[in-house]
Amino acid sequence: MAICGGFHDGNIHDLLESRCVDTRHDANRSLQMHSSLVQRLSHEKELEGHQGCVNAIAWNSSGSLLISGSDDTRVNIWSYSRRKLLHSIDTGHSANIFCTKFVPETSDELVVSGAGDREVRLFNLSRLDGRGTEENAIPPSALFQCHTGRVKKLAVEVGNPNVVWSACEDGTLRQHDFREGNSCPPAGSPQQECRSVLLDLRSGSKKSLTDPPKGVLALKSCDISSTRPHLIVVGGSDAFARLYDRRMLPPLTSCRKKMAPPPCVNYFCPMHLSDRGRSSLHLTHVTFSPNGEEVLLSYSGEHVYLMNVNSGGNVMKYTAADVSKLTTFTAWPNGVEMQPTVTKNYPHHLAASQLEKCQNIMQFAEASLREGTNYYHGIEACSEVLDGHWQVIEPALRLECLCTRAALLLKRKWKNDVHMAIRDCQRARMIDTSSVRPLYYMSEALSQLGKHKEALEFALSAQCLSPSDPKLEERVQDIKQRLAAAEAEKNNKVTNGAPRSEPRGARVLSLGDILFRSEANSDASQDGPRSEREESDYDEEMEVDFETSISGDEGRDVESNVLHGSLNLRIHRRGDSYRETASTNDSCGSPSSSSQNDKILYQPEAVIDMKQRYVGHCNVGTDIKQASFLGQRGEYVASGSDDGRWFIWEKRTGRLIKMLLGDEAVVNCVQCHPFDCVVATSGIDNTIKIWTPSAPVVAGVAAGPETADVLVAMENNERRLIHNREFILPIEILERFRMHESAECAQS
């Protein structure tokens, strides 16, 4: 599948030889997810034992056991060596289990679960000794009922058997210490005074980088660094992941008093997502890399992104001003990077061979652009050169490679390809500001985004550098025509007058309009001017939160993109607290809402930008979709997908390495074994799949789907991401929404 060059992990023979030469080299870590093994991953075993969707899976620290949680409200314990169900615990949860973990340093006797019934439950497996798999009703050793929303993720600290953390859609991250008590009363009860809130983000959600935190940040995921356990990362119902240092946080508080969001160490968000202002854009999963130096973010309706944890060195950290500068023409000093290439630790003959290899790869990429076909592999070829050989190639080849990849991205037009092209054009301009190609492609990219004025500036600048180029003259005239058409349309609207808005009581909106009003069918409409409705105050907007439960005989028609199953609907005005949260805050109230002066005085934080993007999968149908690192060194990245497949990419280059069919509908969870080249996956099916490197090798290549099939699957997924307004919901849900809105209008 990765046709543009070999892999960067060498061959197994050399790794084994290195054990005798370099005792510091851990060959086992290198071999665990070696490329030759990853390419041979195939389905080995299906674990049966649940009666509903399997929403959570996790290995114990030694890899001898696997734990799973399901819609059937059971937690199952599986033997890795025997691939067999050991225990099936009737947890007593009254709603779907979304997360479950082994508690460290407890001899794998303590397990914890969190569910949609707002509860966190602790179980002692030693109470099951001598029982069969059917005798499984044991009371919880601890029961925490202090959350007011669905518990979506649990986190544990390596070496700490006493504490578990829970991330919840009520906007709080709680710290449960088993030494301080084994229960707490339900949320809202008069005696509820448990002080377990570590992070109060009930007023921490941001619409965009420039907006102050204001709404409830419904937490979807959290993770604790295994190398620096004082660091914790959280993600939820906006575009920004947040990194906190637990040592710098205030003392634990009660939920009765809503606190201002504490300052975080770092924000993480790809720059092109930081100013969208879309209420539907949110994270479904965040996780640290095995060495704790990187974080992986998975977005609903978006791609998977890799970020550096620390902001020093070459890590790009941007502000709101940088976002606007990215699309504004600025004259730079010529040849910022036009100096001889400095190769690091490359002998001359090796550097020469690497350079020749890169030139050959670039010939393939340029042919893809010239012939107008095979854009995907042309982009992959450029990425191989840029991400794998940047230190070897000359600046001129870097410039050529960046411009070629930008052109291919603009031709392919997958989601956010235009933003990736803008990044490449900016990097190319830094190499040589006298080059016409970066300016030309920058102009084309901005035109695709509907930014015609900015596009014209770049086109005119390119024309100044090459006045006799007819292609540039044609581009300038084309942009001028588009600009004139846009101005005429705007003036026509002003002349005719905008249609008067209907009174609130008479307004009837479709559910699709409410759910996806800020989504768009193309990058151009996503990044164009915001409507008056999108720029209105929070308390004038409507939001719909919805959740799905698909289990048993219910399912999803993947081809028609229709969701079948039960659907719970919660409707509230943006800016209002969840009703459950509000009922627990009557005594102290909530912080005063930000005034217009507060908004003017607000200084947006700097944010760490992406370092790599992973594309091809689809994440729109569920909000528990994981993206994970594979192996002890995290050389590969994997994610489930709404098409029933799961995908593996090379972390450094973003190349797709493997695509596997793992579910009849949706794969949500992907978890790598701690030490072996083994992966467990789960999703809408009632089973867990175990994957091992057992595929046969034919003519030196692991058997698998044809390249054409892979491209078709990826293109279908990209269409779903771009056109996710077309996600069809049952008509009765629309009727329920209209009835709710009519009742609300009658009350007002």
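Are Asp 200 and Arg 202 buried or exposed? Both Asp 200 and Arg 202 are buried, where buried means under 20% relative accessible area, exposed over 50% and partly exposed in between (1.4 Å probe, protein chains only). This is a predicted model, in which local features need pLDDT of at least 70 and side-chain atom pairs count only at pLDDT 80 or more, while totals for chains, interfaces and linings use all residues. Residues are numbered from 1 along each chain as its sequence is written, and side-chain values use heavy atoms, with hydrogens and water left out.

**Salt bridges**

- A search of the whole structure finds 29 salt bridges, each being a side-chain nitrogen of Lys or Arg within 4 Å of a carboxyl oxygen of Asp or Glu.
- Side chains of opposite charge can pair when their charged atoms come close.
- Asp 200 and Arg 202 give us one example, with 2.7 Å from N to O.
- Arg 405 and Asp 424 form another salt bridge, and their closest N and O atoms are 2.8 Å apart. This pair links distant parts of the chain, since Arg 405 sits in helix H7 (residues 395-412) and Asp 424 in helix H8, 19 residues apart. Arg 405 and Asp 424 are both buried.
- Asp 609 pairs with Arg 423, the closest N and O atoms being 2.7 Å apart. Asp 609 lies in the loop between strand S28 (607-608) and strand S29 (612-614), and Arg 423 lies in helix H8, so the pair ties together parts that are 186 residues apart in sequence.
- Asp 609 is buried at a relative accessible area of 3%, and Arg 423 is buried at 18%.
- A network of salt bridges links Arg 150, Lys 152, Glu 169, Lys 220 and Asp 623.

- Helices (H or I, at least four residues) and strands (E, at least two) are DSSP runs, numbered from the N terminus.
- Helix H8 covers residues 417-431, and its 15 residues reach 21 Å from the first C-alpha to the last. That is close to the 21 Å expected at 1.5 Å a residue, where the expected span is 1.5 Å times one less than the number of residues.
- H8 is mostly covered, with 13 of its 15 residues buried.
- Helix H9 (residues 436-448) has 13 residues that should span 18 Å, and its end C-alpha atoms are 19 Å apart, which agrees.
- Why is H9 largely enclosed by the rest of the structure? It is because 10 of the 13 residues of H9 are buried. Among them are Pro 438, Tyr 440, Met 442 and Leu 446.
- Gly 450 follows H9, and its phi is positive, near 80 degrees.

**Cysteines**

- How many disulfides does the structure hold? It holds zero disulfides, a disulfide being a pair of cysteine sulfur atoms within 2.5 Å.
- Cys 382 has its closest cysteine sulfur in Cys 401, but at 4.2 Å the two sulfurs are too far apart for a bond. Cys 382 counts as buried because its relative accessibility is 0%.
- The closest cysteine sulfur to that of Cys 672 is in Cys 677, and 6.9 Å is too far for a bond. Cys 672 counts as buried at 13% relative accessibility.

**A region from the record**

- UniProt, in an unreviewed entry, lists residues 469-496 as "coiled-coil region". Its positions are given in the numbering used here, feature names are shortened, and annotations may be inferred rather than shown by experiment.
- In the model, residues 469-496 are 96% helix and 0% strand, with end C-alpha atoms 41 Å apart.
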